[in-house]
Amino acid sequence: MVRALIELDEETNKILNLVKVKLGLNDKSQVIEHIVKKYNEKEGDETSVPLLRYFDDSDKLGLGEDIDFDFSKKLEEIWSGRPYGPYLMSLVVESTIRGLKKELPESKINSGGVCYVNGLHRYFYNKKGYDETIKIISEKAEKSKKWIYDFFEKALEKSLKLKEYSETFNLNNLKDHKNEQLLAYVQTFAKRFYEMYIYGTILILLGYNEENSLYKKINNVLKERVNEKGKKAEYFVDMTKITKIMVPKEQELEVLKLARSAKSKGLYSIFEIKNEFPNELSRLVKKFGWLAFDLLNKPAYDVDYFANLVKEALNFSIGKRISEIENYEKETAKKTDEISKKLNLSKEERETFDLMRDLGYYKWLRQYNFAEACYNLTKVQEEIGKRLGLSLKEVQYILPEEYEDVFNYKEEIKRVVKQRIKNLLILVSDDNKIILRGKKAIENGDRLEFEKRQFDTGANEIRGTVAKSGRVRGVVKIINIKEDMVKMQDRNILISLATIPELLPAMKKAAAIVTNEGGMTCHAAIVARELGIPCVVGTKVATEVLSDGDEIEVDADHGVVKIIEKAK
C-alpha cells in the first residue's frame, strides 16, 4: 500500500493537498502517514510493519513537489573527489552555515551542501557569501588577534573533548552493548562534532584562501623588502612554518629510535624486527595506528606497517635525523627570528606572520584530535552495521538525525543507503535541509552552478600558491588514490586533487607536488616542507590540464607550473 501511494497521478495529488489543508498537516507525506495509520488501526494488526518513515526527501518529491533551494547562486567548491561519508560531511556543512552564525553573526555563508557520486563527494558553499565571510574573518583578525586566537583555542579545546568522549565507550566489548547505548553514543558524538566544527571551520576558511587580507599583508611586506631572487617564497614558507613538533614527527622519532636499537643489534629483516620488538611495535600501533584513517574508511596501521618503517629507517643516517627532529623547534624558532630581524618587521607585522603560522598549528592539532575520535567512532558504527546487515561504508551514509529509527526500519534503511552511495545530494540553507538520492539527486545536482575554473587553453602554464620553494623539471603522474601509486617512479612530479596521508609513499618519491586544492596549511604543503621538495597548491585545474606523461617545470619560487611537452 505504501509503495502504491508514493507514485500518484495529478488528480490524487490534488486530493491530498485538500486533505493536508483540512487536517492542518505540514506536507503530503504526513497525509500518507495518517492514511496508513488509520489503515493499520482498522486492521487491528498490532504486529504490522512500522508506519511509513521517510529517511529523506526523495520519496516526498515523487509527489511532484519542487525543492526549496536557490539554484541561481554561484557556488564555490571547497574540495572534491574525497570519500568522506555524509554522516560527518552533513555536520560540517550545517555547522558552517548555521552554527557559525551563533559565534559570528556577520557570516554570509547561507547555503551550501555536498554531492556524492559513486562514493566520492563534492563539497561547496555559495561563493559570494563564502568570499564575504572570509573577508570579514580576516579583517576582524587584523583588528583583534585575541578574537581569532580565542576561536583557535575553542576549536582545539572542543576537538580534545571530542577525542576524550570517543574514548569513554568500551570499544573492546561493543557486542555486549544494547542497541540504545550504541545509538546514544553515535548521536552524542554527532552533537559534539557539530559544536567543535563551529570553531574549526574558521581554520579551513582562512587556511584555504590566499585572497584574504592577512595573506595579502604578508605578501606586501615580502614584496617591499625582499629583492633577492627566489627568496620571497623561501621567506614566506619559513615564516609561516609550524614551529612545534606535530604527531607525524613524534611517530618518526619513535620509529627512528627503534631503528637505532635494531641496528645496534644487527637486525635488518622485518621478521627479526617483529620478533625482537613485539611490545614496542604494538605500542606504536596503539599510539599512531589511527593516523592511517584521516576520515576515510581505512584500517589502522598495523605491526607489519611499523616494522617496515623501522626497516626503511635503517638506510638513513639515523643519529643525524633524530638530532634534527629533537632540535626542530629550537632551530625553526631561531630561523624565524633571524628572518624577522633581516626584514625589520614591526611588532604588528611579526604578529601577522605568527598568526598565519599558528593557523596551521591549530588546524592540524585540531584535525589530529578529531581524526582519532572519528577512528574510534567507526568501531561503534561497525557494530551497528553488523546488527543492521550493512558495511561500515553503508552505515556512514546514515545521517546523524536518522539513527534513532534505524533498528525499526532495517529493510528501508538498507534500500536507502545503497541508493545514496550511488547518488546523494544534501543541500543546506539557514532554515532548510534537503536530502535527495537517486534520480532526484542527479536532476537537482545538475542544476547547481559552480564558479567556473578559468584556464586559457592556448597558454602553457598554470598558477597556484607557493607551499615550498624550489624549481624542478619532471614527468607528470596523476595520483589521487592509493591504487594510483603503482604509476609513481622516483623523481616524477606528483599531481593530485589534494593529497591525503595514504599517498605518502608516492609523495616521498616525488621531485615536486602540485595540487588543485588547498592552501598554506593543507596536507601537501606540510608534507612538502618536511620532505624539502617544491610544492604548488591551489591551482584549481592541474588535474584537468595535465596528463600522465606530460613533461613540466614546477617553478615553486613563483607558483608557476609550465608545460614543456605534452605526452603523445
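Analyst: Side-chain contacts

Both Tyr 116 and Tyr 397 are buried (under 20% relative accessible area; exposed is over 50%, partly exposed in between, with a 1.4 Å probe and protein chains only). The model is predicted, so local features need pLDDT of at least 70 and side-chain atom pairs pLDDT 80 or more, while totals for chains, interfaces and linings use all residues. Residues are numbered from 1 along each chain as its sequence is written, and side-chain values use heavy atoms, without hydrogens or water.

Over the whole structure, a search finds 25 aromatic pairs (ring centres of Phe, Tyr or Trp, the last by its six-membered ring, within 6.5 Å; planes under 30 degrees apart are stacked, over 60 edge-to-face, the rest tilted). Tyr 116 and Tyr 397 make one of these pairs, which is edge-to-face, with 5.4 Å from centre to centre and 65° between the planes. Tyr 116 belongs to strand S2 (residues 111–117), and Tyr 397 sits in the loop between helix H18 (392–395) and helix H19 (410–422), so that distant parts of the chain, 281 residues apart, are linked by this pair. Helices (H or I, at least four residues) and strands (E, at least two) are DSSP runs numbered from the N terminus.

Phe 193 and Phe 370 also form an edge-to-face pair, because their ring centres are 5.7 Å apart and their planes stand at 80°. Phe 193 is in helix H8 and Phe 370 in helix H17, so the contact ties together parts separated by 177 residues in sequence. Both Phe 193 and Phe 370 are buried. Elsewhere, Trp 79, Tyr 84, Tyr 123, Tyr 125 and Tyr 130 make up one aromatic cluster.

Turning to charge, the structure holds 44 salt bridges (a side-chain nitrogen of Lys or Arg within 4 Å of a carboxyl oxygen of Asp or Glu). One of them joins the side chains of Glu 76 and Lys 540, at 3.5 Å from N to O. Since Glu 76 lies in strand S1 and Lys 540 in the loop between strand S12 (535–537) and helix H23 (542–545), the bridge ties together parts 464 residues apart in sequence. Glu 76 is buried, at 12% relative accessible area, whereas Lys 540 is partly exposed, at 37%.

Lys 342 and Glu 228 form another salt bridge, and their closest N and O atoms are 3.5 Å apart. This pair likewise links distant parts of the chain: Lys 342 is in helix H16 (residues 328–342) and Glu 228 in the loop between helix H9 (213–225) and helix H10 (231–240), 114 residues apart. Lys 342 is exposed, with a relative accessibility of 55%, and Glu 228 is partly exposed, with 41%.

A salt bridge also joins Lys 568 to Glu 565, with 3.7 Å between the closest N and O atoms. Lys 568 is exposed at 93% relative accessibility; Glu 565 is partly exposed, with a relative accessible area of 39%.

Some bridges share partners: Asp 337, Arg 350, Asp 354, Arg 357 and Asp 358 are joined in this way into one network. Asp 354 counts as buried because its relative accessibility is 16%. Its C-alpha atom is 9.4 Å from that of Ile 242, although Asp 354 and Ile 242 are 112 residues apart in sequence.
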